[in-house]
Amino acid sequence: MSTEFATTTDVPTTSGAPTRRPAPGASDFARLSRRMAAEGLLDRRPLYYTVRFGLVLLAFAGGWYALFALGDTWLQLGLAAAMAVVFAQVALISHDLAHRQVFSRRLPSEIAGRVAANLLMGMSYGWWMNKHTRHHANPNHEERDPDVAPDILVWSKRQAREASGLARFIGRRQAYLFFPLLLLEGLNLSFNSFRALRSPTMKRPVLEGALLVAHFAAYFGAVFAALPAGKAVAFLAVHQALIGVYMGCVFAPNHKGMLMVTPGMKLDFLRRQVLTSRNVRGGPFVDTLMGGLNHQVEHHLFPSMPTPALGRAAEITRAFCEEEDIPYYEVGLLRSYREILGHLHRTGEPIREAR
């Protein structure tokens with residue numbers, strides 16, 4: 001946790017207007033943590049996760065049963081869409097396991113995480129864990145957060161000015177291409193999962209690879225066993241495309257379009273997490289849809305906090321930020337997408353102007 005502070009910092013909001021604030025005290029996060037602990041918000045919730053996991057696994061098994069029960073019909077494309085939702089919920093379970101929200105110990109978290117991510121979802125737990133840990137340590141940092149690396153999209157004007165190749169080509173119209181590109185995100189997750197098996201950072205490459213192969217053998221085998229080739233290919237295309245859209249729509253509102261951190265900024269842990277995160281309103285429906293990640297500010301401050309505690313934690317954090325004059329940002333789901341697209345359009349300006 002950083003303890004370096006600037007005497008004053010201009011912190012841009014989403015609207016672009018800076019907010020002037022005094023230097024924070026080093027005990028801010030500790031004081032907020034004590035408020036959370038006093039209400040038991042960091043305690044494990046075994047009943048909640050037992051019910052949640054049970055419902056998702058029931059839907060997962062029911063979907064594969066329905067694949068064979070429906071037989072040779074184009075109604076299978078509707079099932080493919082429904083199964084994309086189920087797979088994304090499995091991914092969200094993997095996320096909670098990775099953060100030790102379910103089990104306090106590392107070993108059961110990793111075992112359950114690899115079963116959920118690799119075997120059921122078809123995504124490498126180890127690859128995602130490494131990437132996500134770096135993101136949590138430096139959210140929206142232009143040089144350290146892998147989620148805002150200028151791979152295909154550019155997330156700041158500095159990245160746009162330095163962009164080349166595919167990122168420069170797409171960057172001109174990236175706001176218009178954002179949602180279409182999400183159709184490929186499911187394939188991208190699978191590709192990166194297999195590619196990461198050769199990385200020196202992968203702790204259990206043989207185990208992870210075996211689980212991934214087992215997943216895709218069962219996945220393709222079941223679809224082609226239940227459907228003729230044409231419908232099977234259509235099922236796979238719809239399923240993978242909608243997994244990407246769902247996952248992108250869940251994770252993008254969390255940080256995209258919020259403060260981008262540059263190497264020269266000096267922010268303490270609490271402000272680094274709060275100022276780079278966006279919460280999304282919407283009640284129980286959005287909570288379920290996004291797996292609790294709509295309370296992104298609180299999730300980043302307390303990654304191991306169980307999902308059902310995040311709503312109350314948001315009330316406490318919001319009040320605390322108001323006391324300390326820290327900007328706390330929360331919007332509706334549709335507005336979050338408008339802000340993301342607006343941000344992408346603005347950051348692409350240097351590329352368009354250079355033509």
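**View 1. Residue Q174 belongs to helix α8, which spans residues 174-182.** Helices here are DSSP runs of H or I with at least four residues, numbered from the N terminus. The model is predicted: local features need pLDDT of at least 70 and side-chain atom pairs count only at pLDDT 80 or more, whereas totals for chains, interfaces and linings use all residues. Residues are numbered from 1 along each chain as its sequence is written, and side-chain values use heavy atoms, with hydrogens and water left out. Q174 has a relative accessible area of 1% and is therefore buried; the term buried means under 20% relative accessible area, with a 1.4 Å probe and protein chains only. The side chains of Q174 and T347 are joined by a polar contact of 2.9 Å. Such a contact is a pair of N or O atoms within 3.5 Å; within protein, one must be able to donate a hydrogen and the other to accept it, and residues adjacent in sequence count only if both atoms are side-chain atoms.

**View 2. The largest pocket has a volume of about 1300 Å³.** On a 1 Å grid over the protein atoms alone, a pocket is an open set of points with protein on both sides within 12 Å along at least five of seven lines, and lining residues have an atom within 4 Å of a point. Grid points are joined across faces, edges and corners, and a volume is the space filled by probe spheres set on the points. The lining consists of 44 residues, and K131, P146, D147, E185 and N188 lie nearest the centre of the pocket. Helix α5 gives the most to this lining, with 8 residues.

**View 3. Y49 and F53 form an edge-to-face aromatic pair.** Rings of Phe, Tyr and Trp (its six-membered ring) pair if their centres lie within 6.5 Å, and planes over 60 degrees apart count as edge-to-face. By this rule the structure holds 15 aromatic pairs. The ring centres of Y49 and F53 are 5.7 Å apart and the planes stand at 70°, so this pair is edge-to-face. Both residues lie in helix α2 (residues 46-70), 4 residues apart, which is about one turn of the helix. Y49 is buried, with a relative accessible area of 3%, and F53 also counts as buried, at 18%.

**View 4. The largest cavity has a volume of about 70 Å³.** A cavity is a set of grid points where a 1.4 Å probe fits but cannot get out. Among the residues that line the largest cavity are F87, M121, L189 and I243. Helix α9 gives the most to the lining, with 3 residues.

Notes. Helices (H or I, at least four residues) and strands (E, at least two) are DSSP runs, numbered from the N terminus. Buried means under 20% relative accessible area, exposed over 50%, partly exposed in between (1.4 Å probe, protein chains only). Rings of Phe, Tyr and Trp (its six-membered ring) pair if their centres lie within 6.5 Å; planes under 30 degrees apart count as stacked, over 60 as edge-to-face and the rest as tilted.
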